[in-house]
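Subject: Structure handover

Hello,

Here is the structure for you to look at. Please open it alongside this note; what I found follows below.

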Amino acid sequence: MNHLSAQNLSKTFGEKELFSDLNFGLHKGEKTALIANNGTGKSTLLKILAGKETADAGKVTLREGIKVAFLDQDPQFQKGLTIDELIASSHSAISKVIQEYEMAIEEQSVYHNTETQKKLEQATAEMDHKNAWDYDRRLKQLLSLFRISDTTIMTDVLSGGEKKRLALALVLLDEPELLILDEPTNHLDIDMIEWLEAYLSRSNLTLIMVTHDRYFLDRVCNHILEMSQGQLYYHNGNYEYFLQKKFEREEVTRVETDKARQLMKKELEWLRRQPKARTTKSKSRIQAFDGIKEKATGQRNEQDLKLQVNVRRIGGKILEIEKLSKSYGEIKIVEDFSYMFKRGERIGIIGKNGSGKTSFLNLITGNETADSGNVVIGQTIVFGYYRQAGIPVSGEKTVIEVVKDIAEVVRMGDGNSISASKFLEHFMFPPEVQYKQVSLLSGGEKRRLYLLMVLIKNPNFLILDEPTNDLDLLVLNRLEEFLMNFGGCLILVSHDRYFLDKLTDHLFIFEGDGRVRDYYGSYTKYSLENEKEKQGKKDPAYAKPKTTKTKVKTKLSFNEKREYDALEKEIEQLEKEKAEAESAMNSGIEDYEELNNLSIRIGELIDLIDEKTLRWIVLDEFVDPS
C-alpha cells in the first residue's frame, strides 16, 4: 500500500527547471534516501511532498488519514513565542484531547450517568486514536534527549543548532506514519545521531529523507531514490550498491555517447561529400543523422568539483601545545593538555555539543587566549581554518568580489596560475553564478564558497570544524579525495562518522570538565570498545562478587558534603552567566561571530547546568534535613 504517490511533478525556479514529470511512490514501512546534487531541487521536492510548497504541475496523493511530519533543513519558528508556547500551539490538537479526557473523568466522577459515561468512552477512544496517553512523558524524554532544558526562553534567541534539535523533538513527538526529513543529522552530536539512527531503524514508519551522512543512510534506509539530470533512478539496497549501479549506468552512457560521436563524425563526412540533389535514401539518412547528433551531444556532463591547491612546504617544527588550560568561570574547556604534532598527522575531534571543541580550535589558532600554557606554531605553518559559523563576509558582495578580495590570481598544485574566475569554476561556480550576491546562494553553495576561501591561501595545516553540513554527496566525495591526498596536517571536527573513519586514525575525545582523551584508532574502533565496556558493566559476569554484608549509604562523606555545598553556588553562577549571555544576544548585537560565540557558550552552559543539577539531585538524597 502506498502511503504517498507523486505524479508528473514539475518545478521551475526562475528560469531554471529543477525537475520535470517525476513519478514515484512510497510504500508503507519503506525507508528511502533521496540523493541528488545541490541545486537540483531535492529540498524543494521534499517541501512539495510535505505540502509546504506547490509544484508547477502534477500532484501528490497521501493515503487518507495518514499522519505526516516534516523536518526542514533550516527550521523557522513563529517569532515572539517561548518554547512552551510553541509546543502548546503546534500540538494544540493533542492538548485539547487530553483536556477533554480530564474533563470527562471529572464529570463522570461527579454525575456518573449514561451521558457522562458515553462522553468518557468517546474521550478515551480519542486518546487512543491520538496516542496521547504518554504525551507528557514522551515530551520530557525528547526535550531532555535533545538537551532542551529551559522551555521558558524565547525561540527567537535559539541558535541554528538549537532550532534544529527543537524541531526534530517536535517532529518525533507527533509519532507520524510518514516522516519527511531534510538533513536530520546537521547540528547533532554523535550520541544524538546514533540514538536517532536506532529509533528510525526499528520504527515501522514510512520515511523519505535527504542526508549526507553515509553511515546514517546505510543503517536506516533500504531504498535509494537518485535524482540526476531531471530523471529518477531507483535502487533497492545500501549506499555501496547505489554507487556501483550509478557507476555502471554512467559507464554504459559514456560508451554509447563515444560510439555516437564516432558515428556522427563519419556521417558528417558523408554529408559534406553529397551533391545537392538528394535521393529518398539520402534524405532518410540525413533524418537519422539528427538522432545520432542528439545522442552524441545530449549527454550533459554534470558539474564536478576540482580541488587542487599548492601546499606550502612544512618545516621541522609544526605545532606544539604545552600544558594548555582554559576555563569560562567554573566551566573547564581544557586542562593541562600537551601535544606535539608530527608531519602529515590527521586527528579527529569528537565530543558532545558544548564540550569545548570549537573553543579548543580557537585556542590553537590564536583566536582565543589560554588561561595558562603555550601554543607554539612553526614558522612555515599556514593555517586554513574552516569555521562551523560559515562565511565571514558581507552578503551584499558578489561571489567574484569575495574571491578577488583575497587573490586575483591563484597558484595551483601543478604550479600553474589561474584567474579568480577560473578558480571559481573549479568549485562549481559557473560564470552566471559568480555575479550573484552571496546572500542569494544556497546553504551548500555558501559552504563551497567558504571552503574555496580557506583553500585559496594554500594552507599546509587544515582545521575543519563541521565541514560536512549542507554539502551534497558529490561535493563530500570530492572533498574526501582531496583530503586523503593532502600533504599537510589535518584537524577535523565532525559528527559524520564515515568522514572521520575515512580521514583520521587518531582522536582527541572531549569528555567534559577539561578532560581530553588522546586515543590512537578510528572512530569505529573507539565506538566498539566503548560499547563493549558499557555492556561489560551491565553483564553480571563482569560484576564484582557480592559480600555477605552490604553497607547502605545513609549520609554524605566529608568530601561529598563539600561538593554538595559548592554545587549550589556553581549552578547559581552558571544560571547567572547563561542569563547574561541570553540578554547579550537579545541586545541587538549585529556582529555575526560574536553572536555565534554567545550561542555556542549558551549551549555549553546548558550542558553544564544539566550535569551539575543531576549530581546535586543524587547528593541531595543523602543530606540530613536537620
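**Overall picture**

The protein has 20 helices and 20 strands. Please keep in mind that this is a predicted model. The chain holds 626 residues, and 46% of them count as buried. The exposed surface comes to about 33200 Å². Carbon and sulfur atoms supply 49% of that area.

How far apart in sequence are the residues that touch? Take the contacts between residues at least 6 apart in sequence: 69% of these join residues at least 24 apart.

**Aromatic rings**

The count of aromatic pairs is 19. One of them joins Phe 482 and Phe 486. The cut-off for buried is under 20%.

Tyr 523 and Tyr 526 make another tilted pair. Here the centre-to-centre distance is 6.2 Å and the angle between the planes is 55°. Both tyrosines lie in helix H18, which covers residues 523-538. They are three residues apart, about one turn of the helix. Tyr 523 and Tyr 526 are both buried.

There is also an aromatic cluster to look at. Which residues form it? Phe 337, Tyr 339, Phe 341, Phe 360, Phe 383, Phe 461, Phe 508 and Phe 510 make up this one cluster.

**Charges over rings**

Two arginines are worth a look on screen. The charged end of Arg 219 sits over the ring of Tyr 215, 4.6 Å from the ring centre. Arg 448 lies over the face of Phe 429. In that case the distance to the ring centre is 4.9 Å.

**Cysteines**

How many disulfides are there? The count is zero. A disulfide is a covalent bond between the sulfur atoms of two cysteines. To count here, two cysteine sulfur atoms must lie within 2.5 Å. Cys 221 has a relative accessible area of 8%, so Cys 221 is buried. Cys 489 is at 0%, so Cys 489 is buried as well.

That is the handover. Best wishes

Key
Residues are numbered from 1 along each chain as its sequence is written. This is a predicted model: local features need pLDDT of at least 70, side-chain atom pairs count only at pLDDT 80 or more; totals for chains, interfaces and linings use all residues. Side-chain values use heavy atoms; hydrogens and water are left out. Helices (H or I, at least four residues) and strands (E, at least two) are DSSP runs, numbered from the N terminus. Buried means under 20% relative accessible area, exposed over 50%, partly exposed in between (1.4 Å probe, protein chains only). Contact means heavy atoms within 4.5 Å. Accessible areas come from the Shrake-Rupley method with a 1.4 Å probe; for residues, only the protein chains shown count as cover. Rings of Phe, Tyr and Trp (its six-membered ring) pair if their centres lie within 6.5 Å; planes under 30 degrees apart count as stacked, over 60 as edge-to-face and the rest as tilted. A charge sits over a ring if NZ of Lys or CZ of Arg is within 6 Å of the ring centre and within 35 degrees of the ring normal.
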